[in-house]
Amino acid sequence: LPEVTGLRGVLFGLGLAVGVAGLTHALLSLLNWRWLLKPVLTVFLLSAASGTYFMWSYGIVIDANMIVNVLQTDPREAADLFNWRLLASLGLLGVLPVWWLWRQPVRPLGGLRRLGSNLLAFAASVAVLVISLMLIYQDFASVMRNHTQLRYLINPLNSFYAIGRVVAQPLERDNSKVEPIGLDARLALPPGAAPATLVVVVGETARAGNFGLNGYERDTTPRLAREDVVSLRNVWSCGTSTATSLPCMFSHLGKEAYEKRSSNHESLVDVLQRAGLAVLWIDNQSGCKGTCNRVPNVNTAALKVSPHCDGTECHDEVMLHDLDKRIAELPAERRARGVVVFMHQMGSHGPAYHKRVPQAFKRFQPECASNALQQCAREQVVNAYDNTIAYTDHFLGETIGWLKRQQGPTAMVYLADHGESLGENNLYLHGLPYAIAPDVQKRVPWITWTSPAFAQQRSLRKSCLQDKLMAPLSHDHFFHSVMGITGVRSGEYRPALDIYGSCMASPDKS
């Protein structure tokens, strides 16, 4: 921290440590009751041990979004995080102290004496907290203002505060109902227009800078390079985790309004279905975070389809398996108006990047074959991650190949939910608070492919899209752009946020 260096930095560190100790002791003193004390201390010790391991290992901080990620992690994702270092850390820093704790006697005191003792301890702790912070207040105020990540490193109080924020969310927002949107949704295409098929691929944990299409020094996207695609290079995510970004990018509100919303709303997929299109969501991950709950959906992660599945998870190509059959099962009257298929990738989900890629696509070697990324050389971590991008390139190429075999106009849109840290500044994975997250966790790829028939039907000028290559774009544009490319209109549609609208003729931009 540049503000506090040398002896001044040492004194600041000591003052902050004493203040944290005072705050922790003040909280524990209120919970210091005979039958309550050991369970409370057990929770503190185990929380501190787990927080220590994940913060040291991956460079993460713990806030409300991180707790939501933990709560929404399925057993398969959780298994990717387990290794001997985690078990050793929990054993040494958590289980061993807990074992010692439960062997210690608790001296019984009468109710009034215990209350008085607790209040005295609380007052003394608060005094220590206040005095220590007053001695370093000038530096403390500056550091906490300029380096907000520090507040998320006060372990284990960061976990308890984050859990409190998550528990309080129902008081801030009514989660018991979902407000409908797009009640006036309609398909605004020329009369007699042939029904189109659009595949929207929701990428997972993809860094825009690691795509060869975007100027990366490695050729990670040879398949897409052979297709007539447009790859936008300056696109920013709504969040740094799937739990935040996925519902946000499918919302009509935009990032700022989404974060301040007082109620939940239906998503883009609901609007497309309300307009009469045949909508299908295929998920190869831990779920759509509520986005697809009201449309036909299927999860392929647990299928046993050879050669795409190994018994524990399936590679993304499994989503193309039986796709024609799944679409044929959708209502015929909807298919006659058009089909939109959403595919949610497993993509580059870490830390076990090596599991995301079939052996044939492991082009960059040696790769990190461990989920303890900090144990691998950074070159190995990058190799393993780049292999996942190369496999995504193959999967998108196969998806385009499938579209080319369909009748009528076809198109594909690919957009990732967030990026990833690969060891830069000792940071790994993703999920840092947006304000302090590095750009690699927020800058994502957006790729568009259209068949000649689709481009002709919509009068889409790809040269116009190419002009937007470096235009500042974000997830805020996604909702309105998909509405634009499908020809769906409603009161929620904002033409100014439709990246395709200005590049094609439309009979109705209202």
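Analyst: This is a predicted model. Inside it, the count comes to one cavity of 30 Å³ or more.

User: What volume does the largest cavity have?

Analyst: The largest cavity has a volume of about 80 Å³. It is lined by 14 residues, and those closest to its centre are A196, V339, V340, R458 and T486.

User: OK, pockets now. How much space lies in the largest pocket?

Analyst: About 1400 Å³. Its lining takes in 45 residues, with N65, Q169, R173, T244 and R261 nearest the centre. Two or more lining residues come from each of α3 (64-71), α8 (157-172), β1 (174-179), α10 (242-249), α11 (255-259) and β5 (263-265).

User: Which of them gives the most to the lining of the largest pocket?

Analyst: That is α8, with six residues.

User: How many charged residues are in that lining?

Analyst: Eleven, next to 18 nonpolar and 16 polar ones.

User: What about the second largest pocket, what is its volume?

Analyst: About 910 Å³. Of its 36 lining residues, M66, N69, V70, T73 and L81 are the closest to the centre.

User: Which elements supply at least two residues of the lining there?

Analyst: α2 (37-58), α3, α4 (75-81), α5 (84-102), α8 and α10 each do. By class, the lining of this second largest pocket has 17 nonpolar, 14 polar and five charged residues.

User: Let's switch to the outside. Which residues form the nonpolar patch on the surface?

Analyst: The patch is made of L30, L31, W33, L36, L112, L115 and L119. Together they have about 630 Å² of accessible area.

User: Which helix gives the most to the nonpolar patch?

Analyst: Helix α6 (residues 111-135), with three residues.

User: And where is L30 found?

Analyst: L30 is in helix α1, which covers residues 6-30.

User: Why does L30 count as partly exposed?

Analyst: Its relative accessibility is 43%. Buried means under 20% and exposed means over 50%, with partly exposed in between.

Technical notes:
Residues are numbered from 1 along each chain as its sequence is written. This is a predicted model: local features need pLDDT of at least 70, side-chain atom pairs count only at pLDDT 80 or more; totals for chains, interfaces and linings use all residues. Side-chain values use heavy atoms; hydrogens and water are left out. Patches are made of residues with over 30% relative accessible area and no salt bridge: like charges are joined within 9 Å, nonpolar side chains (Val, Leu, Ile, Met, Phe, Trp, Tyr) within 5 Å. Accessible areas come from the Shrake-Rupley method with a 1.4 Å probe; for residues, only the protein chains shown count as cover. A salt bridge is a side-chain nitrogen of Lys or Arg within 4 Å of a carboxyl oxygen of Asp or Glu. Helices (H or I, at least four residues) and strands (E, at least two) are DSSP runs, numbered from the N terminus. Buried means under 20% relative accessible area, exposed over 50%, partly exposed in between (1.4 Å probe, protein chains only). On a 1 Å grid over the protein atoms alone, a cavity is a set of points where a 1.4 Å probe fits but cannot get out, and a pocket is an open set with protein on both sides within 12 Å along at least five of seven lines; lining residues have an atom within 4 Å of a point. Grid points are joined across faces, edges and corners, and a volume is the space filled by probe spheres set on the points. Ala, Val, Leu, Ile, Met, Phe, Trp, Tyr, Cys and Pro count as nonpolar, Asp, Glu, Lys and Arg as charged, and the others, Gly among them, as polar.
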